[in-house]
Each structure stands twice: as C-alpha cells, then as structure tokens.
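User: I am new to reading protein structures and would like to learn feature by feature. Could we go through one together, with the general idea before each case?

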Amino acid sequence: MRIELREVTVRELAKGYSDDGEGGVVGYDGDLDIRPPYQREFIYKDRQREAVIDTVTKGFPLNVMYWAVRDDGGFEVIDGQQRTISLCQFVESEFAFNNLYFHNLPNDKQELILDYKLMIYLCSGTDSQKLEWFKTINIAGEKLTDQELRNAVYSGSWVSDAKRYFSRSSGPAYGLASDLLNGSPIRQDYLETVVEWINDGDIEAYMATHQRDPNANAIWLYFQQVIAWVRATFPSYRREMKGLPWGGLYNTFKDKALDSAKLEAEVDQLMADEDVENKRGIYTYVLTRQERHLNIRAFSANDKREAFERQAGVCVKCGETFTIEEMEADHITPWHEGGKTIADNCQLLCTFDNRSKGKK
C-alpha cells in the first residue's frame, strides 16, 4: 500500500467543480469524485460551512483530508467531503460569508483563499489494504459505517446502481419496506442488510464478485421477492416484524407450502401467551420450531424452592439427591404441549439430566 501526502490549493480543488443535483459532485478539474456512491448525502449546516471559510480566510490549518486513488488514476474523497464542498461552493458564490459572496471580495482576498493549501493524504493499494486504511483513518467526525467502508473498497457500477435503490431516503427500498427494515438508508443500513441476506452473511464476498456488474438489478429483484414473500406469509403487520432476519427465513422457507392463515392464528395465540417474553421471536419460531427464539419465561426462585421441598431434593430423572444449587427447573408438561410456567407445573432435575434431555 502506498500513502502520499500532497498539497492541493483551493484554486486546484475548485477547478471544474460541478454538482448535478442527483448526488454526483466532482472537482479538481473533474478528476475528484467528491461524493462517491458510498458517501451519505450529509450537508453541512450554515454555521459549519462558515467555520470552514473562516478558518481559511484567517490562514489557520484545516484538518488533513483523505483521498483514495482509483484504478483509472482519478480520486475519491474518503474524509473531508463537506469541507471540500463548502470551499467549492463558496468559490462558486453559492453562499455568502459575513454578508459577502466570493465575487464581492477584493482581488487580493480572493487570491488569498484560492492560494490556500490543503493537506491531502492519497492512498492506493489493493482492496484489502484500502479497507484496513479506511478503518484506521475513520476515527473522527461523521464516521463511515462498516457498509460505507465496504462501498469505498468495492466502489464501481454495482455500488452506484445499488445506491439508487437502497441508499436514499424515500427511495424504492424505503417505500417498499421501511416498516420491515431497521436503520437508515442514507447510512447504508438497508444495503448492508440485503447483501447480508442474499449471500448468507458474507457481504464482502458478494460485493467483490459483483463489483463490476453493470447494475444491481439482481439484488433489487431478490429484495422485492423477499418482501413479497413476507407480506404473503404474514399478511397482518405487527410492529414486532420490523428488523427481523427476513432474508434468511426467505432463503430457507420460500419453497415450502406454508398456510398463512394457520401461521397467523398461531402468531395471535403466541402474542397473547404471557410465557413468551420475546414477542419478536414468534415469527422465527413458527417457521423453525426452535423455542430458543421465544425466550420462554423462567420459573421464579419461589417456584424452584417449592418444587425442591416437594421433591426433598431428589432429581425426578435419576433419583439422586442434590442441593438446590445443583438442580434446574423444568416444565412437567412441556410448554409446547400447553404447560404453563407456574409452580404446579415445575419440577427439578439435576443439572446433568436437565441439560442432556434435549440432546436425545
């Protein structure tokens, strides 16, 4: 990996500055992608951008900025996007500082700003080297998320198109399934989620494979299929459905004949069951039948003590005598057969027997 420190004047930075209004922002004579696809569309407030101009006009140093060197010889801003945009917008007279636009300034003050030198670190290397470098410098300000860092490494036509679907507020993915997804599309949470779904958790492998794809049609179609399956399988929406691992459930059960009416009736029943402490886990349970997703309410210390005294410390499985600390509470009638977590349905087994019964 190669890291080079370069001085760039504001004059050079602002040359060829352009904002197409749809997220594409370039500068440095067109060679610098100021807002690459992995960057969120965060905008400085007036006070913040005025602080940038104040720093430059006083000749004070701005914090060092970081650019990645692309394979085509161009550059992408990794850190310093808003400082860069603020400087370019001011030079283009898009906002005023101290009630003066750039074109209102006398020539000597204009030249002072244009000749101001910015310190830029340039990074070039392999994808894995860049990822480690980005993680190292990502220590201040509006930090990049893990997915934004991945997008920086695997930037290209696929990321650009995927952002169109998954990385905009009120974009297609938001409109289709914001009630089912956690996080923010701008911070790349939606994109991270769907890539994790489609490739069984290996996000970087998928992005490396598809980096040069001309578009993200495949993952967008997959996402629509997942959401359609969820809506058809569980037609009655509940807030507990938000943020569940729907992609993994779809991958496993999409080809199975499921009775949505029967599933909904069971969900209703489990939602009303006071023994089920993790209501969000109900959806995974009705598909997998794994009770661990429900976090069934445990017997109280009083229930356990009552059973211990009733059994005189004898394990109902092996018949040996133990202290109460060496025993664990168990349902006499299993929960899935209708047994409740109440004192009359509590029995004690020794630790070994209780933990081994589910392995047979």
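User: In which sense do β5 and β7 pair, and over how many bridges?

Analyst: Please keep in mind throughout that this is a predicted model. To read a pairing, one looks at the direction of the two strands and at the bridges between them. Here β5 and β7 pair in the parallel sense, over four bridges, and within that pairing Tyr 66 has Tyr 121 of β7 as its bridge partner.

User: Which strand runs antiparallel to β5, and how many bridges join the two?

Analyst: Strand β5, residues 65-69, runs antiparallel to β6, and four bridges join them. The hairpin of β5 and β6 has five residues between the strands, and in it Gly 73 takes a positive phi near 95°.

User: What other strand pairs with β6, and in which sense?

Analyst: Strand β4, residues 32-33, pairs with β6 in the parallel sense over two bridges, and there Asp 33 has Glu 76 as its bridge partner.

User: How should I read a helix, and which residues of α12 are buried?

Analyst: An α-helix has 3.6 residues a turn, so residues three or four places apart point the same way. In α12, residues 246-253, the buried residues are Trp 246, Gly 247, Leu 249, Tyr 250 and Phe 253. Seen down the axis of α12, these buried residues fall within an arc of 165°, so they line one face of the helix. They pack against α9, α11 and α14.

User: Where does Gln 188 lie, and is Gln 188 buried or exposed?

Analyst: Loops have to be read residue by residue. Gln 188 is placed in the loop between α8 and α9, and because its relative accessibility is 1%, Gln 188 counts as buried. The side chain of Gln 188 also makes a polar contact of 3.3 Å with the side chain of Asn 151.

User: What does Phe 102 touch, leaving aside its neighbours within four places in sequence?

Analyst: Phe 102 lies in the loop between α3 and α4 and counts as buried, at 7% relative accessibility. Leaving aside those neighbours, Phe 102 is in contact with Phe 90, Val 91, Ser 93, Gln 110, Ile 113 and Leu 114.

User: How is the overall form of the chain read, and what is its radius of gyration?

Analyst: One begins with the inventory and then turns to the extent. The secondary structure of the chain comes to 16 helices and nine strands. The radius of gyration is 29 Å, well over the 21 Å that the globule rule gives for 360 residues, so the chain is more spread out than a compact globule. Along its principal axes, the C-alpha trace spans about 95 × 45 × 40 Å. As for burial, 46% of the 360 residues count as buried.

Technical notes: Residues numbered from 1 in each chain as written. Predicted model: local features only at pLDDT ≥ 70, side-chain atom pairs only at ≥ 80, totals over all residues. Heavy atoms only, no water. Pairing = 2+ DSSP bridges. Buried < 20%, exposed > 50% of the residue type's maximum accessible area, 1.4 Å probe, protein only. Arc of directions from axis to C-beta. Contact = heavy atoms within 4.5 Å. Rg over C-alpha atoms; globule rule 2.2 N^0.38 Å. Polar contact = N/O pair within 3.5 Å; in protein donor to acceptor, adjacent residues only side chain to side chain.
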